[in-house]
Amino acid sequence: MSEKLRIKRQEELKVIGMHCATCETTVSKAISSVKGVNDVRVNLATGQARVELDNAKLKDIINAVRKSGYDVLTQKVFISISVNPEEISKIRELIESMPGVISASVSTNLASVEINPVSISAKDLEQELRKRGYYAKASIEKADLPEIEASKKELKSYIISLIIAVLFTVPTLILQYLGFPFFAIFTSFPVQFYSGLRFHKGAYRALKNKTTNMDTLVSLASNVAWFYSVYGVLTNSAVFFDASSLLILFILIGKTLEAYVKARVTNSVIGLYSVNARLIKGNREEIVSSSSLKVGDIVLVKSGEIIAADGIVEEGKGDVNEAIFTGESKPTLKTKGKPVIGGTVLINGFLKIYVTRSGERTYMAQVVQAIRESQGTKLPIQSLVDRIASIFVPVIIIISVLSFFIWHFILGFPLNLSILISVAVLASACPCPLGLATPLAVLTTVNKLAKKGIIIRNGESLERLQEIKTIILDKTGTITTGEFKVKKWTGNSFIGNLVSSLEKNSSHPVAKALTSLGNGTEKVEDFEEFPGEGVYGKVDGHSVIVGKPSFVVRNCEGEGNGDVLVCIDGEIKASVFLEDEIQGCVEKAIKSLKSRYTLIMATGDSSSSAELVGNKLGIKVYKGLSPEEKAELVKELKKEGGVAFIGDGVNDALPLKEADVGIAISSGSDIAKYAGDIIIPSLCNIDMLFWGSGRAIRKIKENLVWAFGYNSVLVPIAAGILYPFLLPPQYAALAMSMNSVSVVLWSMLR
């Protein structure tokens, strides 16, 4: 199906932000640059882009549009599903092969899908999955947490099946022990065809899709045991209803434990996203879900409660634990006018908070989205696992059949014993841990890092971090505090007032320092900012340019010696010298990194302070770089090995995207954070990030070794290699179910 869907199709995109003919041309060129795009027609009037493509990915096309400075209308869809871990990769590939699907992350009970709503709807996705035999229920949700509901529903379903299995397995064992096998048919029936129904359905679905999975093994093993027992009752020969019932019971015990632990892991952080809030309405207090809060609402937070939304303290004071944002457990005193982050905890005191960000714009929403995406992360190492998993079940079935023939026809063992050995082989093997190995290792790592304020937006970056040779760091706001101060300058009060008035229109860190040169009361017209260069505007009738020396010299007469030059009416009139302090923990972080990586500082700052900072830290400095030059530096260094870029500003977006791993600072610009693969509170957290990367890869490898080793040992034992010791099918099933549980538990350990 996927190949057919990828060949010569059309996509209609709704492009956001076009306002002139140049925009139309820019978008058209951006889309055309993507390999596999045959034809593009962009309509400025309607904002539509019609794209004819062969094997191009819709995700690449949308990224190209966004890189060019525009956006595309997309929609997030959540689909409640029920799949085995080893099927996750196939489901993701199936969903991503559908026209209109941009990307998908899939777990065992939920798929989070980004779609082009012009081409496909949530209902279309749901219907396509149902055609393939999967349970699917689609919804478009923004504020709520569908994964929590999905995990609760899955756990409840397992518990009900388990209870039924326990209630009817006990009398089955008693009846068979007392010698009433006929009645055992009826007591084992609910276990086999109600509690075991999920496995039979899964096996049928796999057969329908011409594949195999864990359900195939469980269904085949239990059905062979049960139907042979019915035959045994009719022919007055051996029966083992106890084996078929216990087989399903033990597997359900393992799957229920697995579902419980996975729910705990998934919800440990994202549960903070939807907590109760004390909304103040007039003179009364109303308890509402944080997901229903809007900008402008006032919420009350009492001692010991979780702060429900991002906002500003309107009234009160208290100590707040911001570890989930800053990574530091030491509480921060919050008073009127101070910002607070949703998900942090008020240790003592009380606060009235004015909500400034709600819904998907909050910090916790970013964390939740990162965790959602991490569940469907497919690292390169998983490709090999997927290939092995695809042949795993057929190989086990072949071993099972061979075991039966060898024991019965070659070694001459009784039919019932040979069947039990064959069933034990089916019951002992488990492909689930192969499917769980990668996503659980990544998920638990993402959770642990999130609690330290580190957001992994792209799970694959955890593996790429292991290949990094060079780390490039921005200076201002990354290495230094970003709070520039004027050390000295050569102007007067008249020039200072013009500069101050002009710089008030810029949000650049240098601009804040320059506003201190005057009172900033003059009227500014025709203001224009040149990223990484400087600013221009008409101030009180004078043409004023303030910026880097190279920028100012190109546009004005005269010379100057300083970090920033001031040009008035075409002539350089003043020089400004700045200073910027290194952040408190940076020197320790840099020292740690230098022992393992090549470090480079790349900054747009052309001042002497850039060299001073570089010399103090003992790292190579490239100064006065434009965003494009930073990106070019990254591209050049990538030829020598993996490159990570760490930055925080608007002018860092390009190099962050270009790097193998882009690491943005959480206090930086939204554009930088959008461009980054990872967001960290500060360089103080960089060692924790690399620890997390190493942990994830180590856990994946350990999980895979355990999963392969477990099956390699258990299957031969079930096949009778230790005869006269034989492993009964029910205990083989118990051992098999514990295999998955052990992978889940091991992933949670440090």
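Author: The expected span of a helix is 1.5 Å times one less than its number of residues. The model discussed here is predicted.

Reader: How far apart are the end C-alpha atoms of helix α13, and what span should its residues give?

Author: Helix α13 covers residues 380–410, which makes 31 residues. At 1.5 Å a residue, these should span 45 Å.

Reader: At which residue does α13 bend?

Author: A proline, Pro-394, lies in the part of α13 concerned, following the bend within four residues. The bend amounts to about 35 degrees, and its position is Phe-392.

Reader: Which elements do the buried residues of α13 pack against?

Author: Residues of α13 count as buried when their relative accessible area is under 20%. Among them are Asp-386, Ala-389, Phe-392, Val-393, Ile-396 and Trp-407. The buried residues of α13 have as packing partners α4 (88–96), α9 (214–235), α14 (415–428), α15 (432–450) and α25 (686–718).

Reader: Which element gives the most to the nonpolar patch on the surface?

Author: The patch includes Val-166, Ile-174, Tyr-177, Phe-183 and Phe-186, and its residues together have about 970 Å² of accessible area. Two or more of its residues come from each of α6 (146–178) and α7 (181–195). With five residues, the element giving the most is α6.

Reader: Is Phe-186 buried or exposed?

Author: Phe-186 is found in helix α7 and belongs to the nonpolar patch. A residue is exposed when its relative accessible area is over 50%. Because its relative accessibility is 52%, Phe-186 counts as exposed.

How values were computed. Residues numbered from 1 in each chain as written. Predicted model: local features only at pLDDT ≥ 70, side-chain atom pairs only at ≥ 80, totals over all residues. Heavy atoms only, no water. Patch = residues over 30% accessible without salt bridge, like charges linked within 9 Å, V, L, I, M, F, W, Y side chains within 5 Å. Areas by Shrake-Rupley, 256 points an atom, 1.4 Å probe, with all protein chains shown as cover. Salt bridge = Lys/Arg side-chain N within 4 Å of Asp/Glu carboxyl O. Buried < 20%, exposed > 50% of the residue type's maximum accessible area, 1.4 Å probe, protein only. Bend = angle between axes of the 7 residues up to and from the residue. Contact = heavy atoms within 4.5 Å.
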